[in-house]
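Let's take a walk through a protein together, one stop at a time. Have the picture open and follow along.

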Amino acid sequence: MDILVCGGAGYIGSHMAQWLAEHDHRVTVLDNLSTGHREAVRWGELVEADLLDPAALERAFAGRRYDAVMHFCARSLVGESVRQPYDYYANNVAGTLNLLEAMRRHGVERLVFSSTAAVFGNPVADLIDESHPKVPINPYGASKLMVERILADAAHAHGLRSVALRYFNAAGALPEHGIGEAHACETHLIPNVLRAALGTGPALQVFGDDYPTPDGTCVRDYVHVQDLARAHALALDYLDTHPGTHAFNLGNGRGFSVREVIATASAVAGTSIPFERAARRPGDPATLVASSRRAREEMGWHPQWTELAPIVESAWRWHREPRY
Ligand code: UFG
C-alpha cells in the first residue's frame, strides 16, 4: 500500500515507517521537523509540511494517491499542555482538521490515529479498558479526545474509516535500524534513567514516592514502539472489514513502578543509577495500566516485547550511541 506517515520523523512515526518499509509498503513521511529529526526519515521520501498550513498540505496530497494515512503529528507533553493549551488545541485539533479535510478532498478514506491513555484522566479501575470513563485532566488528553470525537463525526458525514490507538507508555528503540527516542527536552522516565546511567543527563529525580502503590512510586505500562507499529498495521487491516470509527487501548497489561524501572535499567546497564526524591509531578496519576484485551481479540495484536528488561535494553543500546 501507499501510506502517508504524518509525523514520521518523530519517535513512534519513524518506527512505523521502518515497519511499513520492511513489509513492502510505500512510505511517504510528512513532518514539519519541529520536534522530529531529518535523520530519522530513513524510509521513503520526506515532505516538509506543517498541518497548520493548508496550502502545504494540499501540495503534499496533490498528484498522489495514498491508500491510508497514519497520523503521529502532535504536541505530546502533559505539563507543557497545561502551560500552553492554545498550542495543543491548534496543533493537535486544528492541525488534524486540516489533515482530515485534505484527505476528504483527495479521496483518502482510511486513517490510523495516535491517541493516548491521557484521554481517560484519573483511572477509576486497575486495568483501563475502552469503556473506562474519558475525563481528561489536561489539555493534551483533551485535545486527543476531541479528535476521537471528530473522527466519529467524520465517519457519519464522510464515510471516513478510522482507528484511534491509545498508547500507554511508549518505550524502547530499534538501534539496529538507526532509530530511537530523542527529544530536545526529555521528560520521559526511561530515557532520563538511561541518560543518568550514562552521565549524559542530569541526576534522576523520582517524582513522588508517597503514591498509593506497592513502593510509593508511580506505576506505568511500558509498551515497545515496534509493538505499537505492528498494532497500526493490524488496525489498517481491521478497517478493511470494519467501516466507521474504532478505538483500542495498547499496553502490555502489566505495571512497573518508577523504582522497578530504575532497578531494571541498573541491571541492563550494569551500574547503579543514583536518584533523588522530588515532589510529585502535577497531573501524574498513581497507576496507569491498560487492558488490551479488545486489541488482542479483535485485531489479533499480540505484543512481542512483553518483558520490561528487553524493552529497556533496546533503549539502552540506542542511548549509548544515538544517531541524532
Ligand atoms: N518520572 C520520574 N522522573 C523522570 C521522568 C518521569 O519520576 O525524570 C515518572 C513520572 O512522574 C511518571 C513515570 O515516571 O510517574 C512515567 O513518566 P513518563 O513521563 O515517562 O510518562 P507518563 O506516564 O507521564 O506519560 C504517559 C504517556 C503520555 C500520556 C500520559 C498520561 O507518555 O502520552 O502517560 O498520564 F499523556
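Is Thr96 buried or exposed? Keep in mind as you look that this is a predicted model. You'll find Thr96 in helix H4, which covers residues 85-105. Its relative accessibility is 2%, so Thr96 counts as buried; the cut-off for that word is under 20%. Thr96 also has a partner: its side chain and that of His71 are joined by a polar contact of 2.9 Å.

Now let's move to the ligand. There are 21 residues around the ligand, and Leu189, Gln205, Arg220, Arg281 and Asp284 are the ones that come nearest. If you sort the shell by residue type, you get 12 nonpolar residues, six polar ones and three charged ones.

Where does the ligand sit relative to the two domains? Domain 1 is made of 2-171 + 223-250, and domain 2 of 175-221 + 253-320. Both of these domains give residues to the shell, so the ligand lies between them.

Zoom in on some individual atoms next. A nitrogen atom of the ligand lies 2.7 Å from a backbone N or O atom of Gln205. A polar backbone atom of Phe207 is 3.0 Å from an oxygen atom of the ligand. With Thr116 it's the side chain that takes part: one of its N or O atoms is 3.5 Å from a ligand oxygen. How much of the ligand does the protein bury? On its own, the ligand would expose 680 Å², and the protein buries 92% of that.

Which elements give two or more residues to this shell? They are helix H6 (189-198) and strand S8 (204-207). Strand S8 provides the largest share, with four residues.

Time to look for aromatic rings. Searching the whole structure turns up five aromatic pairs, and we'll visit a couple of them. Start with Phe61 and Tyr66: their ring centres are 5.7 Å apart and their planes meet at 85 degrees, so this pair is edge-to-face. The cut-off to remember here is that planes over 60 degrees apart count as edge-to-face. Phe61 has a relative accessibility of 1%, so it counts as buried. Tyr66 comes in at 4%, so Tyr66 counts as buried too.

Another edge-to-face pair is Tyr238 with Phe248, at 5.3 Å centre to centre and with 85 degrees between the planes. Why can we say that this pair ties parts of the chain together? Tyr238 belongs to helix H7 (residues 225-241) while Phe248 belongs to strand S11 (residues 245-250), so the pair links parts that are 10 residues apart in sequence. Both Tyr238 and Phe248 are buried.

Asp24 isn't a glycine, yet it has a positive phi of about 65 degrees. Is Asp24 buried or exposed? Its relative accessibility is 69%, so Asp24 counts as exposed, the cut-off being over 50%. Leu33 also has a positive phi, near 60 degrees, and Leu33 is a residue other than glycine. To find Leu33, look in the loop between S2 and strand S3 (45-48).

Definitions and conventions:
Residues are numbered from 1 along each chain as its sequence is written. This is a predicted model: local features need pLDDT of at least 70, side-chain atom pairs count only at pLDDT 80 or more; totals for chains, interfaces and linings use all residues. Side-chain values use heavy atoms; hydrogens and water are left out. A residue is near a molecule or strand if one of its heavy atoms lies within 4 Å of it. A polar contact is a pair of N or O atoms within 3.5 Å; within protein, one must be able to donate a hydrogen and the other to accept it, and residues adjacent in sequence count only if both atoms are side-chain atoms. Accessible areas come from the Shrake-Rupley method with a 1.4 Å probe; for residues, only the protein chains shown count as cover. Ala, Val, Leu, Ile, Met, Phe, Trp, Tyr, Cys and Pro count as nonpolar, Asp, Glu, Lys and Arg as charged, and the others, Gly among them, as polar. Domain bounds come from an automatic or database domain assignment. Rings of Phe, Tyr and Trp (its six-membered ring) pair if their centres lie within 6.5 Å; planes under 30 degrees apart count as stacked, over 60 as edge-to-face and the rest as tilted. Buried means under 20% relative accessible area, exposed over 50%, partly exposed in between (1.4 Å probe, protein chains only).
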